[in-house]
Amino acid sequence: MVYIDLRYTPQENDESERIYLYIVNYLKNVQQEREVGARDDVKFIVAQEQFNKFGEKTHLHYHMNFYIPHHPGNDEIKKDNLQKQLNRNLGLKGNKMYCLRVHHDMPQDVDRWWNYTCKQGINGIVMSQGFRHVEIENMVMISTAEYEQRKKENCETRQKLMDKNNFRNKLIIHMKKSKSHPDRPRLTDKEIWLEIARFYRKSHMTPPYNKLDDIVIDVKVELEYLSLDKYYDLTH
């Protein structure tokens with residue numbers, strides 16, 4: 001048996017329906033001299049996605065998961081051979097166009113592996129085989145709930161990073177204003193350290209005391225007290 005997952009991202013002017021139908025038909029028939037009716041043993045889900053991990057619109061792409069049972073007398077399905085066929089017949093190559101993985105053992109959490117294709121709803125599922133409608137509905141329910149939770153977490157993480165970057169930019173602006181004060185033509189390391197600590201407190205944040213020495217060095221670069229060459233020597 002073999003489990004295959006493939007992500008296909010259509011490029012401009014691609015006939016995406018023709019391409020994913022070719023992939024499905026090829027993988028259903030990938031083993032030669034199969035027993036009569038063996039193609040019916042193949043299970044697969046093909047689903048399209050239009051949103052990224054933040055829930056924002058992104059490039060249309062397809063996720064295709066296949067289970068192909070092994071039949072006696074057939075050659076083992078190899079990733080290299082599949083890649084050659086996709087390149088030769090469809091011109092698919094490079095991570096932007098597709099990503100292919102072949103598992104010769106059952107994925108550790110095979111239910112979650114199948115569910116992944118269904119995470120953007122029932123309308124995203126283009127075609128499937130080997131699953132009852134109620135099974136698909138259950139997979140969609142589980143995977144969309146997980147996707148919504150992950151999306152929320154990803155957005156929160158990104159917002160924290162943006163807030164951190166915004167705070168850092170405000171700190172640098174504040175320190176440049178302090179530098180230009182006529183009574184302090186050049187700040188000492190101690191003055192920079194204290195000014196950073198005060199800025200944190202004024203922003204109702206506890207200063208990261210164990211990191212302040214590193215922040216002082218960063219600020220000195222932004223204040224042009226320290227060249228990039230010297231910064232490199234200090235940090236490497």
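**Aromatic pairs.** I looked up ring contacts in this predicted model and counted eleven aromatic pairs. My rule: rings of Phe, Tyr and Trp (its six-membered ring) pair if their centres lie within 6.5 Å, with planes under 30 degrees apart counted as stacked, over 60 as edge-to-face and the rest as tilted.

Tyrosine 8 and tyrosine 62 make a stacked pair, 5.9 Å centre to centre with 15 degrees between the planes. Tyrosine 8 belongs to strand β1 and tyrosine 62 to strand β3 (residues 57–68), so this pair ties together parts 54 residues apart in sequence. For naming elements I took DSSP runs numbered from the N terminus: helices are H or I of at least four residues, strands are E of at least two. Both tyrosine 8 and tyrosine 62 are buried. Buried here is under 20% relative accessible area, exposed is over 50%, and partly exposed is in between (1.4 Å probe, protein chains only).

Next I checked tyrosine 22 and tyrosine 26: their ring centres are 6.3 Å apart and their planes at 5 degrees, so they stack too. They are four residues apart in helix α1, which puts about one helical turn between them. Tyrosine 22 is partly exposed, at a relative accessible area of 28%.

I also noted one aromatic cluster formed by Tyr3, Tyr67, Trp113, Trp114 and Phe131.

**Charges over rings.** I wanted NZ of Lys or CZ of Arg within 6 Å of a ring centre and within 35 degrees of the ring normal. The charged end of lysine 119 sits over the ring of tyrosine 116, 3.5 Å from its centre. Arginine 186 lies over the face of tyrosine 225, at 4.1 Å from the ring centre.

**Ground rules.** I number residues from 1 along each chain as its sequence is written, and side-chain values use heavy atoms, leaving out hydrogens and water. As the model is predicted, local features need pLDDT of at least 70 and side-chain atom pairs count only at pLDDT 80 or more, while totals for chains, interfaces and linings use all residues.

**Overall build.** I find seven helices and five strands, running β-α-β-β-α-β-α-β-α-α-α-α from the N terminus. The radius of gyration is 27 Å, whereas a compact globule of 236 residues would be near 18 Å. That radius is taken over C-alpha atoms, and the globule rule is 2.2 Å times the number of residues to the power 0.38. Along the principal axes, the C-alpha atoms fill a box of roughly 90 × 40 × 35 Å. Of the 236 residues, 38% count as buried.

**Loops around α6.** Which residues other than glycine have a positive phi? I noted histidine 204, with a phi of about 60 degrees, and glutamate 224, with a phi near 65 degrees. Histidine 204 is in the loop between α5 and α6 and counts as exposed at 76% relative accessibility. Glutamate 224 is in the loop between α6 and α7 (228–235), and its 68% relative accessibility makes it exposed.

Asparagine 210 is also in the loop between α5 (189–202) and α6 (212–222). Is asparagine 210 buried or exposed? I have it as exposed, with a relative accessible area of 68%. Its C-alpha atom is 17 Å from that of arginine 168, which is 42 residues apart from asparagine 210 along the chain.
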